[in-house]
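Dear colleague,

I am handing over the structure below, and my notes on it follow. Please read them with the model open beside you.

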Amino acid sequence: MKKIFFYDTLIGEIGIAENEGSITNLFFGRDNIKEEVVIEETKTIKTAIEQLNSYFLGERFDFDLPLKPQGTEFMMSVWNELLNIPYGQTSSYGEIAKRIGNPKAARAVGLANNKNTIPIFIPCHRVVGSKGNLTGYRGGLDIKKKLLDIENINKTV
């Protein structure tokens, strides 16, 4: 059974879910949970919390966690490409579509991005519109803006 633990961060309450030693979901608030879970702070979740705290402080630019996202082969290719976007930088849906070898799939990239079950760890907040505008984010555009602001402030320090 999936184990989840909630904690407060500067962007609001986050729930981190773990199943069989891998992070499977990240939730923004408790209202987004649609399945039965056990509330437990596992060793993997504690490590994820420590790494997130370091990320928020600008001491960590990526994550070293066992991640197990659930999705189609196309979604996985998009999410793997998101991991290649450097800290503090952004990429457009079209640029990602080109990099995964499907240049006409910008809309599909956007849909895959919005279905990312492990946001922040797989940095879907780094994807923007073709003109650099903020676009949909599962946690809301205010959270996306906060995450991008954190990265922009910390990369210049």
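The domain assignment, which is automatic or comes from a database, divides the chain into domain 1 (3-57) and domain 2 (73-151). Taken over C-alpha atoms, the centres of domain 1 and domain 2 are separated by 21 Å, and the contact between them (heavy atoms within 4.5 Å) takes 14 residues from domain 1 and 16 residues from domain 2.

Please bear in mind that this is a predicted model, in which local features need pLDDT of at least 70 and side-chain atom pairs count only at pLDDT 80 or more, while totals for chains, interfaces and linings use all residues. Residues are numbered from 1 along each chain as its sequence is written, and side-chain values use heavy atoms, with hydrogens and water left out.

The chain holds five helices and six strands, these being DSSP runs of H or I with at least four residues for helices and of E with at least two for strands, numbered from the N terminus; along the sequence they follow the pattern β-β-β-β-α-α-β-α-α-β-α. The radius of gyration of the chain, taken over C-alpha atoms, is 15 Å, close to the 15 Å that the globule rule (2.2 Å times the number of residues to the power 0.38) gives for 157 residues, so the chain is as compact as a globular protein of that length.

Of the 157 residues, 48% are buried, meaning under 20% relative accessible area with a 1.4 Å probe, protein chains only. Among contacts with a separation of 6 or more, 58% come from residues 24 or more positions apart.

Key: Buried means under 20% relative accessible area, exposed over 50%, partly exposed in between (1.4 Å probe, protein chains only).
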